[in-house]
Amino acid sequence: MKVNSVDNKKGIYVFQLDEKNYIKFCPKRGGLITNWVSEGREILYFDEKRFIDKTKSIRGGIPILFPICGNLDIPNSLFGKNYMPFMQHGFARDLQWQHCLNEQKNSLCLILQDTEKTKTFYPFNFELKIEVSLKINCLKFIINIQNKTNIEMPINFGLHPYFNISDFKNLNFIDNPLNCQDQKNNFLRNTFDELKNINNGIDLLMYTSGRSSFRDNFFKRQVTLMHPSPFDLGVIWSDPPRKMVCLEPWTSPRNSLVNGLRKISIPPNSLQILDASILINTLK
């Protein structure tokens, strides 16, 4: 495995297993994985034109959500008047990350540490390290979140993968619970009924078994997300007419740092470890 720069102007690198299996990533744009090619197939949706326009939020790849997912339902900062309120999904996806290659494990490491800028939002010293392992038809994430302060550090963490699809009509979702929460209005809904509206745009939160999947019957592939507790919340989001669907693992629902629902508090000078995998299976 090796890491090479492929586009110096955009700051994009490639981490390659072989010619048909690789990921592209951009450390200076939130540690974003922009592309994943598995057995020659583009797995991720990526709007490159929008990516180039830095005045707009990114649509595509795998954005990293930290230290919150979603937003906070308060007008000011959670940490007092000396701090700025969080933007949607936190600050990690907007900052420059470091990266290195773990030659012993043949994996890519993405690293974000506290800076003067993060301290304007979040009064903690931390290190967020994500080890990305690329295998045939599999992308595995080991997430280490280290609290380097002497007080508890509240967090909510998520990944936001955008998956390429052929068309909404060709999708079947499996491994989902009976009920879900519509995040547009916070109402409890029947999951099966809500998924029928995916071509109109959905934003659904659900308490999963730690496994979420969908099948694309035209592309003849199944995408399976493995995300064990405490990373077992799942969000399904669509944004028509884009031919993509997001299948996102979260630790906690939006606003959890305010209401405490499933909030993770890392003890002083301690570490929280999370893991997730994305598996690709070919359908007959």
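Student: Before anything is counted, what counts as a helix or a strand here?

Tutor: Helices are DSSP runs of H or I with at least four residues, and strands are runs of E with at least two, numbered from the N terminus. This is a predicted model, and on that reading its protein chain holds 3 helices and 23 strands.

Student: How does the radius of gyration of the protein chain compare with what the globule rule gives?

Tutor: The radius of gyration is 18 Å, close to the 19 Å that the globule rule gives for 284 residues, so the protein chain is as compact as a globular protein of that length. Along its principal axes, the C-alpha trace spans about 55 × 45 × 35 Å.

Student: What share of the residues is buried, and how should I read contacts in relation to sequence separation?

Tutor: Buried means under 20% relative accessible area, and 52% of the 284 residues of the protein chain fall in that class. As for contacts between residues at least 6 apart in sequence, 61% of them join residues at least 24 apart. The accessible surface comes to about 13,200 Å², and carbon and sulfur atoms account for 47% of that area.

Student: How many positive and negative side chains are there, and how far apart do the centres of the two sets lie?

Tutor: The protein chain carries 36 positive and 27 negative side chains, and the centres of these two sets are 2 Å apart.

Student: Which residues have the most contacts inside the largest nonpolar core?

Tutor: A nonpolar core is a set of buried residues of the nonpolar kinds, joined through side-chain atoms within 4.5 Å. The largest one here has 61 residues, and those with the most contacts inside it are Phe66, Tyr122, Leu128, Ile130, Phe141, Ile145 and Phe157. Strand 9, covering residues 126-135, gives the most to this core, with 5 residues. Apart from that core lies another, of 11 residues, among them Tyr45, Tyr162, Leu233 and Met244.

Student: Which residues does Leu128 touch, once those up to four places away in sequence are set aside?

Tutor: With those residues not counted, Leu128 touches Ile64, Phe66, Trp97, Leu110, Ile111, Leu112, Ile143, Asn144, Ile145 and Phe157. Two of these partners, Phe66 and Phe157, are themselves listed among the residues with the most contacts inside the largest core.

Student: What is the phi of Asp175, and what is that of Asn186?

Tutor: Asp175 has a positive phi of about 65 degrees although it is not a glycine; this residue lies in the loop between strand 14 (171-174) and strand 15 (179-182), and at 32% relative accessibility it counts as partly exposed. Asn186, also not a glycine, has a positive phi near 65 degrees and is found in the loop between strand 15 and strand 16 (187-190). With a relative accessible area of 52%, Asn186 is exposed.

Student: Is Thr208 buried or exposed?

Tutor: At 10% relative accessibility, Thr208 counts as buried, and this residue is found in the loop between strand 17 (203-207) and strand 18 (211-216). Not counting residues up to four places away in sequence, Thr208 touches His227, Asp232, Leu233 and Gly234.

Key: Residues are numbered from 1 along each chain as its sequence is written. This is a predicted model: local features need pLDDT of at least 70, side-chain atom pairs count only at pLDDT 80 or more; totals for chains, interfaces and linings use all residues. Side-chain values use heavy atoms; hydrogens and water are left out. The radius of gyration is taken over C-alpha atoms; the globule rule is 2.2 Å times the number of residues to the power 0.38. Buried means under 20% relative accessible area, exposed over 50%, partly exposed in between (1.4 Å probe, protein chains only). Contact means heavy atoms within 4.5 Å. Accessible areas come from the Shrake-Rupley method with a 1.4 Å probe; for residues, only the protein chains shown count as cover. Lys and Arg count as positive and Asp and Glu as negative; His and the chain ends are not counted. The place of a charge is taken as NZ of Lys, CZ of Arg, CG of Asp or CD of Glu.
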